[in-house]
Amino acid sequence: TVKACHILYCMFLNRDFCPRYVVQIGDKVIDYNEDFRLFLATRNPTPFIPPDAISVVTEVNFTTTRAGLRGQLLALTIQQEKPELETEKTRLLQQEEDKKIQLANLEESLLETLATAQGNILENRELIDSLNQTKASSALIQESLLESHRLQASLDQERDAYLPLAESASKMYFVITDLSKINNMYRFSLASFLRLFQRALQAKKEAETTESRIAALEASLKNMVYEYVCRSLFKVDQLMFAMHFVKGMHPELFQENEWDVFIGSIVGEMFKKEEFPSWIDQERHAAVAILKATFPALYQSLCLNDLDLWLSFSQSSHCEQEIPSSIVKKITPFQQLLLVQAVRPDRLQSAMAAFASHALGKCKIFLLHYNLFCILMKHFAEG
């Protein structure tokens, strides 16, 4: 598209030698109308525009940003929870704009009066009175603007109480938009997310404090978004989404390099041959070596050489539930998952489901049964 646009502006002829304004496209010279406007759209958020085109091309980026979405969600929240704050904020902004227009008009009037004044300015009584009146009016407007700024700051402080909810919801949207990288079918529009957000805001106000209300709204939205997205995924991708959702919404559960090891971004080098406990299968030595090399402190705390400690774990058909209690107290839930991945990958899926279920506060993460009639009736009832 940029190349096509380049053809339109690169061959303008000089007006001094030609009474017409023309543009050359290929080998044809065509009359050019200065009212002509060409609008080009692209999904590329960072299109390349040649340096010589920047002066004649206006770039407008409509891409949704985290900060922009956060502001939009905060406004929706305030409209639902504290509509009087949003009304007052709008009134103050309108008042501020009106005052700025008045101030600009006074300055313009002052300049016009001075420009058209005749004779000695100091002896022009009418002019001096007009200047004094303009000065007084300007001072009053400036004072009104300062008062408006103070009131806006006070309102913003009250509005910011709901900022954590807007921040969490904004993060949630960008987490689910990443799914398109897995499958091009997994695309979710901003409009659909905003409908979910507004539906969550309509929940009954049972909380007594703002903090508890925000926590309840965030939990409700998280549950609604998770179920809404899971209904759109193939069953095989639901566990993947659960883990991705936990990673996006709860980054504090993961320490440095742990997620990279889990997804295979960190691979083992040519380690020297090491001796690992006999209860660990030979084919798992490479994975355990990566775990040991990347997290030496974690590996040491596991005490894998203690056969009696790990006997039940190594023989259990539900090993993710048989990690020794003394070890569980020393490592995080995700580190337990890394251990199962390295030593008992046959139980990795169950361990992932248990980790995601605990992190999301859900008793189950797989949505296996859908009743289409109930889903439609629920959506109709919610409008």
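A: Leu-190 lies in helix α6 (residues 190–201); helices (H or I, at least four residues) and strands (E, at least two) are DSSP runs, numbered from the N terminus. The model is a predicted one, in which local features need pLDDT of at least 70 and side-chain atom pairs count only at pLDDT 80 or more, while totals for chains, interfaces and linings use all residues. Residues are numbered from 1 along each chain as its sequence is written, and side-chain values use heavy atoms, with hydrogens and water left out.

Leu-190 and Thr-64 are 126 residues apart along the chain, yet their C-alpha atoms are separated by 8.6 Å. Residues up to four places away in sequence not being counted, Leu-190 touches Thr-64, Leu-69, Gln-72 and Tyr-173, where contact means heavy atoms within 4.5 Å.

Helix α3 (residues 83–116) has 34 residues, which at 1.5 Å a residue should span 50 Å; its end C-alpha atoms are 50 Å apart, in agreement. The expected span is 1.5 Å times one less than the number of residues. Leu-85, Glu-86, Lys-89, Leu-92, Glu-96 and Leu-103 of α3 are buried, and their cover includes α2 (66–81) and α4 (125–159). Buried means under 20% relative accessible area, exposed over 50%, and partly exposed in between (1.4 Å probe, protein chains only).

The aromatic rings come next. Rings of Phe, Tyr and Trp (its six-membered ring) pair if their centres lie within 6.5 Å; planes under 30 degrees apart count as stacked, over 60 as edge-to-face and the rest as tilted. By this rule there are 19 aromatic pairs. In one of them, the ring centres of Phe-254 and Phe-334 are 4.5 Å apart and the planes stand at 65°, so the pair is edge-to-face. Phe-254 is in the loop between α8 (235–249) and α9 (258–263), and Phe-334, 80 residues apart from it, is in helix α14. Phe-254 is buried, at a relative accessible area of 10%, and Phe-334 is buried at 0%. Phe-334 also pairs with Phe-355: the centres are 5.4 Å apart and the planes at 55°, so this pair is tilted. Phe-355 belongs to helix α15 (residues 348–360), 21 residues apart from Phe-334. Ring pairs link Phe-254, Trp-259, Phe-262, Phe-334 and Phe-355 into a cluster.

Helix α14 (333–343), together with α11 (296–302), also packs against the buried residues of α10. In α10 (residues 285–294), these are His-285, Val-288, Ala-289, Ile-290 and Leu-291.
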